[in-house]
Structure formats: C-alpha cells, structure tokens
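Let's take a walk through this model, going from side chain to side chain. Have the sequence and the 3D view open as you read.

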Amino acid sequence: MRQLKNIMTITLPVLVLSFFTFGFLLAPNDPEHVDMTLRFLAPCLQYPLGTDNLGRCVFSRILYGGKTTLSIILLGSILIVFLGLILGLPLGNSRGRIKLLGESLLNAVTAIPPIAYLIIFISVMGNGVSTMLIAVVLSIFLRMVKLVKTRTEVELGKAYVLSAITSGAGRFHILFVDILPNVMWDVLHYILLSAADMVITIVSFSFIGLGMGDNIIDWGVMIAELHHYIIAHPELTLYPVIAIVLCALSFNILGRTVEKEVTD
C-alpha cells in the first residue's frame with residue numbers, strides 16, 4: 001500500500017504537468033478564433049468549457065496557455081540546472097582569491113530578491129517569451145550555483161572523495177563523476193520547488209501586463225481579460241486559476257517527494 005501511495009505521489013503530478021504541457025495537441029478549436037455570435041456559450045461537446053467574451057474556446061486557450069507557461073519553465077529549468085552545475089562544481093572546489101571573490105559575488109547578488117531581476121529585465125527588454133525566459137533564468141540560476149557550491153564543499157570532505165584523490169583521480173573526474181551524482185537530488189529538489197514559484201511568477205507578471213506580448217496565450221492574460229466578468233461568469237476566471245494551482249501544486253508535491261528521498 002505504501003509503495004502504491006509513493007507511485008501515485010509521483011505519477012499524478014507528472015500526468016498533470018504532461019497534460020498541460022502537451023495538451024495543446026488535443027485542443028478542439030483554434031484558441032485565437034473570434035466569433036462574437038458565440039459569446040459566453042455554456043460548456044458543450046464542441047466547447048468543453050464554453051466560450052469567453054470574444055467567443056473563443058476557453059478549453060483550447062487553457063491548453064495553449066499551459067504550453068506557453070510550462071515550456072518556459074521546462075527550458076528555464078534545464079538552463080538553470082546546467083549553469084548551476086557548470087559554475088557551482090568548480091567554484092566549490094576553488095581556493096584562495098577565486099573562492100573569496102566567487103562567494104562575495106554570490107552573496108551580494110543573491111541578497112536581491114528574484115522578483116527584482118524580473119522587473120528590471122522585463123521593463124528594460126520589453127514583453128516577450130525570450131525576455132521572460134531570460135529573466136526567469138537569471139533570477140534563479142545564481143542561487144542554484146550557490147547551492148551546488150555549498151554541496152560540493154560538503155562532499156569534498158567525505159571518504160569517497162578522499163579515496164578518489166588518493167587513487168590519483170583528476171579534478172574533473174572527482175567533480176563530474178564522483179560528486180555530481182551525489183548533489184543531483186538536492187539540485188532536483190530545488191529546481192522543482194523553484195518551478196512552482198515560476199508558475200506563479202510568470203502568471204502574475206502576465207496579469208499586470210508585463211507578460212509575453214499581445215499574441216501569446218497564457219493563463220495570466222486570460223485572468224486579466226476575464227476578471228471583468230467574474231460576477232456574471234465566474235467560471236471563466238476560475239478555469240485558469242485551477243490550472244495554475246494544479247501545476248504549482250504538482251511541482252511542489254514532486255519537490256517534497258524528492259526532499260523525502262534525500263532525507264531518507
């Protein structure tokens with residue numbers, strides 16, 4: 001029973017995230033097609049969640065919004081992990097002035113809240129998917145570098161690393177063959193919890209107009225467009241909110257599951 005529970009704890013969040021990432025392939029209608037004669041239709045076979053104020057298919061827009069948000073998170077997470085490992089492992093093994101300079105820079109930069117980086121980059125570079133991606137990566141990857149550096153320093157004092165050094169293993173082998181597998185659980189835990197924050201952050205910026213442009217469908221834009229009708233048609237705002245909560249919760253559950261594996 002416990003094993004089944006553990007499997008479901010991983011399977012359900014993965015299924016939810018997969019559905020919202022690739023669900024646009026199953027969209028029954030063009031999410032941008034406007035037909036004012038179909039405004040505010042009730043859910044039906046052709047429009048499973050009804051239509052919005054412009055007669056567009058809400059279900060199709062939810063699926064395409066998931067593609068936008070989760071694609072940014074997926075690509076951003078890959079870049080954050082890659083940069084964090086490439087920079088964090090050598091920095092954790094550095095000595096002298098390089099180590100001092102690196103630590104000072106990391107402490108100074110990571111003291112600034114990630115939201116500040118997002119505001120700066122989006123306001124300077126303008127709206128766009130690439131801008132949001134760059135802003136998300138730059139706001140988080142230095143914290144990943146700091147995490148990897150700290151974990152590397154811890155691993156360097158363990159017996160298996162000392163044995164590798166004694167046997168004549170080179171620095172590259174020690175860092176990327178011996179230490180890397182032992183820090184990956186912590187990296188995975190951090191990036192999953194960060195992904196939950198990314199969902200909320202991306203949607204929040206889209207809602208206030210600092211999103212990804214006029215031609216991009218995402219959940220924050222949907223909420224911004226439909227919140228004016230929250231009294232007459234509250235379900236239209238509720239649908240994207242449910243999608244946001246499900247995705248953020250799924251990332252959080254996966255992160256907590258990984259954390260449990262690490263502590264056990």
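Start with Phe 19, which is partly exposed at a relative accessible area of 36%. Here buried means under 20% relative accessible area, exposed means over 50%, and partly exposed is in between, using a 1.4 Å probe and protein chains only. Phe 20, at 8% relative accessibility, counts as buried.

A quick word on ground rules. This is a predicted model, so to speak of local features takes a pLDDT of at least 70 and side-chain atom pairs count only at pLDDT 80 or more, while totals for chains, interfaces and linings use all residues. Residues are numbered from 1 along each chain as its sequence is written, and side-chain values use heavy atoms, with hydrogens and water left out.

Back to the rings. A pair of aromatic rings is described by the distance of the centres and the angle of the planes. Rings of Phe, Tyr and Trp (its six-membered ring) pair if their centres lie within 6.5 Å; planes under 30 degrees apart are stacked, over 60 edge-to-face, and the rest tilted. The structure has five aromatic pairs. In one of them, the rings of Phe 19 and Phe 20 have centres 5.2 Å apart and planes at 70°, so this pair is edge-to-face. Together with Trp 219, Phe 19 and Phe 20 make up one aromatic cluster.

Now for the salt bridges, where a side-chain nitrogen of Lys or Arg lies within 4 Å of a carboxyl oxygen of Asp or Glu. There are nine of them by this rule.

Glu 225 is another salt-bridge partner of Arg 61, with the closest N and O atoms 3.6 Å apart. Glu 225 lies in helix α8 (residues 219–226) and Arg 61 in helix α2 (residues 58–92), so the pair ties together parts that are 164 residues apart in sequence. Helices here are DSSP runs (H or I, at least four residues), numbered from the N terminus. Glu 225 counts as partly exposed, at 30% relative accessibility.

Next, find Asp 186 and Arg 151, whose side chains meet in a salt bridge at 2.9 Å, N to O. This pair links distant parts of the chain, with Asp 186 in helix α7 (residues 171–207) and Arg 151 in helix α5 (residues 129–156), 35 residues apart. Both Asp 186 and Arg 151 are buried. Elsewhere, salt bridges that share partners join Glu 32, Asp 52, Arg 56, Arg 61 and Glu 225 into one network.

Finally, follow α5 itself. Its 28 residues reach 39 Å from first C-alpha to last, close to the 40 Å expected at 1.5 Å a residue; the expected span is 1.5 Å times one less than the number of residues. Helix α5 has a kink of about 30°, centred on Ile 140, where the bend is the angle between axes fitted to the seven residues ending there and the seven starting there.

How values were computed: Helix = DSSP H or I, 4+ residues; strand = E, 2+ residues; numbered from the N terminus.
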